Each structure stands twice: as structure tokens, then as C-alpha cells.
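Please refer to the sequence and structure shown here.

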Amino acid sequence: ESIQQATLGTLTGVPSAAQFSQAIVPSADADAMGVEWENTLVAMDGLTLTANVGYLDFEFDQDSVFPGFANASGIPGFQEFHRPEWTGTFAAQYETGEVLAGGYLTFRADATFRDETLMTSDITPGTGPTAQADPAYRDAGTVPDQWIVNSRVALNEIDVGHGAKVQVAIWGRNIFDNGDITQFTGLGFSGAVIYERARSYGVDVNIDF
């Protein structure tokens, strides 16, 4: 009940709130149900597999929607957003025995999955209770099914003497360069978006002494 949401004052539909950069309002009541499954498997010496899968069925009660949001959303109403039905994380990590000066190697790959997700509650380019949804506007604010994959290889606990140990790691984030949006803010007949961080690589060197 009364799920609170932060929004721009201009998006509340309340004239007196328009001067504020942020307002907290009770957006709507909702019905939600779901299930989550987690598993860790040590498949063999040094190899660990993990998985997490979640399912969510979420729906707003349109009769309880905050009046300002109801006015702005038009037809078909205030939309469920940032709530994908299916999510998942999967990872595999392998550790070797000693390979150099007491150090050992760690290989890790992980991936996160999220199915198609609407990133905005308002899919009408206009305002007012009679504003009509626009399929193109909805598509612009929707992220398709996506995978984000990362990897890392590290040489750990290399003994360099005098009690000091070194770790050297090479890593890649978003290695398939997923360029989907992560945020969408409607601006009438257009929208402002933030994109997924581009593919990146790096080297870390850590010294404990």
C-alpha cells in the first residue's frame, strides 16, 4: 500500500510542487507475488558455480494511483516500470593450486540477465487523462532482454618477501558492449536517457604489507 516514489516536482501534477527538484509521493498500491531461487555448487576442487533466478508478477491498482501521476499517464494508465518479470545472475569461478611464489590463479566469469523492462511509468507523449499511449514512445523507454557479462583473471597472494603479498588482476566489464538504456525520463514528446556503461578493461595491482 502507498508505495512511495521520488519524482521531479514538475512530474507530480501538483502546481505547488513544480518549483521543487524532487518530491516524495505515494505513487499507488500494488499486488505483487514472486519467487527466488539461489544455488551454489562446488562442481570439483577449485570450481564453484552459483546461480540466482527470480520471478516477479507486479501490478499497480489503477484506482489508487496518485492523482498527479494518473493525470500525466493518460490512457492506459500508470505503468509498472523498473520491474522485470525474470532476472538472474550466474557465475563460475576456478582457483588453481600454487603457480608462482605461493600465488595462485583465479578465473571468474559472471553474467546478469534481465528480461524486457519498461523504464517509465508514462507511455504517453502528451499529458492529461485523455492522452493516448504511443507505441514508439513505449519502445523508446523499454529495455529488451539483456545480458551483462564480466570476467576477471587474477594472480593472488604472490609472496614478494618481508611479509608483503601482491595481487595482479586483469578484468573486463560488459565485455559484449551492451548499449541499452538504464534510465528513461519522459519530457513530453521526447525523453532523456542514460545508457549502460560501455565495455571497459583494466588491470589492478594490490599490495598487502
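A patch is made of residues with over 30% relative accessible area and no salt bridge, nonpolar side chains being joined within 5 Å and like charges within 9 Å. The model discussed here is predicted.

**Nonpolar patch.** Val168, Ile170, Val203, Val205, Ile207 and Phe209 form a nonpolar patch on the surface, and together they have about 660 Å² of accessible area. Two elements, β10 (164–173) and β13 (200–208), each give two or more residues to this patch. The largest share, three residues, comes from β13. Val203 lies in strand β13; because its relative accessible area is 56%, Val203 counts as exposed.

With a relative accessible area of 51%, Glu59 is classed as exposed.

**A loop residue.** Ser190 is situated in the loop between β11 (181–186) and β12 (191–195). Its relative accessible area of 40% places Ser190 in the partly exposed class. Leaving aside residues up to four places away in sequence, Ser190 touches Tyr137 and Thr185. Ser190 and Ala140 are 50 residues apart in sequence, while their C-alpha atoms are 9.2 Å apart in space.

The accessibility values of the individual residues are collected below.

| Residue | Relative accessible area | Class |
|---|---|---|
| Val203 | 56% | exposed |
| Glu59 | 51% | exposed |
| Ser190 | 40% | partly exposed |

Technical notes. Residues are numbered from 1 along each chain as its sequence is written. This is a predicted model: local features need pLDDT of at least 70, side-chain atom pairs count only at pLDDT 80 or more; totals for chains, interfaces and linings use all residues. Side-chain values use heavy atoms; hydrogens and water are left out. Accessible areas come from the Shrake-Rupley method with a 1.4 Å probe; for residues, only the protein chains shown count as cover. A salt bridge is a side-chain nitrogen of Lys or Arg within 4 Å of a carboxyl oxygen of Asp or Glu. Helices (H or I, at least four residues) and strands (E, at least two) are DSSP runs, numbered from the N terminus. Buried means under 20% relative accessible area, exposed over 50%, partly exposed in between (1.4 Å probe, protein chains only). Contact means heavy atoms within 4.5 Å.
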